[in-house]
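Good morning, and thank you for joining.

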Amino acid sequence: MATDWTIVDEGWGRKAVPFATLSEPSNCREYVSVHQRLGVGHGDRLLDVACGAGLAIELAVVRGADCAGIDAAPRLVAVARDRSPNADIRVGDMHAMPWADASFDVVTSFRGIWGTTPAALPEVFRVLAPGGRLGMTVWGHVKASPGAWALAPFRLAAPPKLRYQAAMQLGRPGAGEDLLAAAGFVGVERFEVPFAWEFSDPQTFAVALAATGPAYEAIQHVGEAAFHQAALDEAASRVRDGLPLRAEIDVVGYLARKPAP
């Protein structure tokens, strides 16, 4: 049964500005790494799927790409458009994208396509030109990551939400590769993505974490105050004199291509 994509804005859009300014900047390592591996540059027509607040698009524009994006959260799209006013950024469903076949040379998605949204990959395949490149990332082995503490407050969500989150994961060996191959992609390559969240203090961390979609699911279950306190408690023991809070988390990347004729 398909999920109603229009409800995404409830969780991800409600605090679009704190997310864009406090949380998303730490994703730059991830974005730059994937753009570099894809060789994004002048002349590339690039689509970012589940583009959120659009920082990845802004960085691709700097590299010379002609960019587009799609996201289900109108309030995040508003930020993305403000950051890249010349990009074609739309509110919509990544399972039914509003572009013609073979519209793009490159498609990226940063932790936006999951095991619970496999139908997005045939759409990515469709809008890519023959020989086009795909770069996508997913959470890896989070529990074994030194920064796993930073995601611990998400576990305050109700059990059904936690089970759904577990079903989303494509970081386990073979999961992403099989899904991409089933959608028709070739040359699938798995790689490690540099990823670290950094924050100045526990309070900033708590506010930034609360601006994410998984946090909203936890907040629905335990309330805003309890979530905020849990985030503060997790961060308090991680404070280092003269250094930022730092949470290195395992992120997995996949590169793939649409076969050329």
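Predicted model: local features only at pLDDT ≥ 70, side-chain atom pairs only at ≥ 80, totals over all residues.

In helix 3, residues 28-38, the buried residues are Glu30, Tyr31, Ser33, Val34, His35 and Leu38. Buried here means under 20% relative accessible area, with exposed over 50% and partly exposed in between, using a 1.4 Å probe and protein chains only. Helices (H or I, at least four residues) and strands (E, at least two) are DSSP runs, numbered from the N terminus. Residues are numbered from 1 along each chain as its sequence is written, and side-chain values use heavy atoms, with hydrogens and water left out.

What covers the buried residues of helix 3? The cover includes helix 4 (55-62), strand 4 (104-110), strand 5, strand 6 (186-193) and strand 9 (251-257); contact means heavy atoms within 4.5 Å. After helix 3 comes Gly39, with a positive phi near 65°.

Arg111 belongs to the loop between strand 4 and helix 6 (120-127) and is buried, its relative accessible area being 16%.

How many aromatic pairs does a search of the whole structure find? The search finds 10. Rings of Phe, Tyr and Trp (its six-membered ring) pair if their centres lie within 6.5 Å; planes under 30 degrees apart count as stacked, over 60 as edge-to-face and the rest as tilted. Trp139 and Trp197 form an edge-to-face pair, because their ring planes stand at 85°, with the centres 6.2 Å apart. This pair links distant parts of the chain: Trp139 is in strand 5 (residues 128-139) and Trp197 in strand 7 (residues 196-199), 58 residues apart. Trp139 is buried at 13% relative accessible area, and Trp197 is buried at 5%.

Phe199 and Phe205 are also edge-to-face, with planes at 65° and centres 5.5 Å apart. Phe199 is buried at 7%, and Phe205 at 0%. Together, Trp139, Trp149, Phe195, Trp197, Phe199 and Phe205 make up one aromatic cluster.

Helix 9 (residues 202-210) and helix 11 (residues 224-236) pack at about 135°, their axes 8 Å apart. Axes are lines fitted to C-alpha atoms, for helices over the stretch in contact, and angles run from 0 to 180 degrees between N-to-C directions. The two helices therefore count as oblique, since angles under 35 degrees are roughly parallel, over 145 roughly antiparallel, 65 to 115 roughly perpendicular and the rest oblique. Among the residues that meet are Phe205 and Leu209 in helix 9, and Phe227 and Ala231 in helix 11.

Finally, is Phe227 buried or exposed? Phe227 is buried, at 1% relative accessibility.
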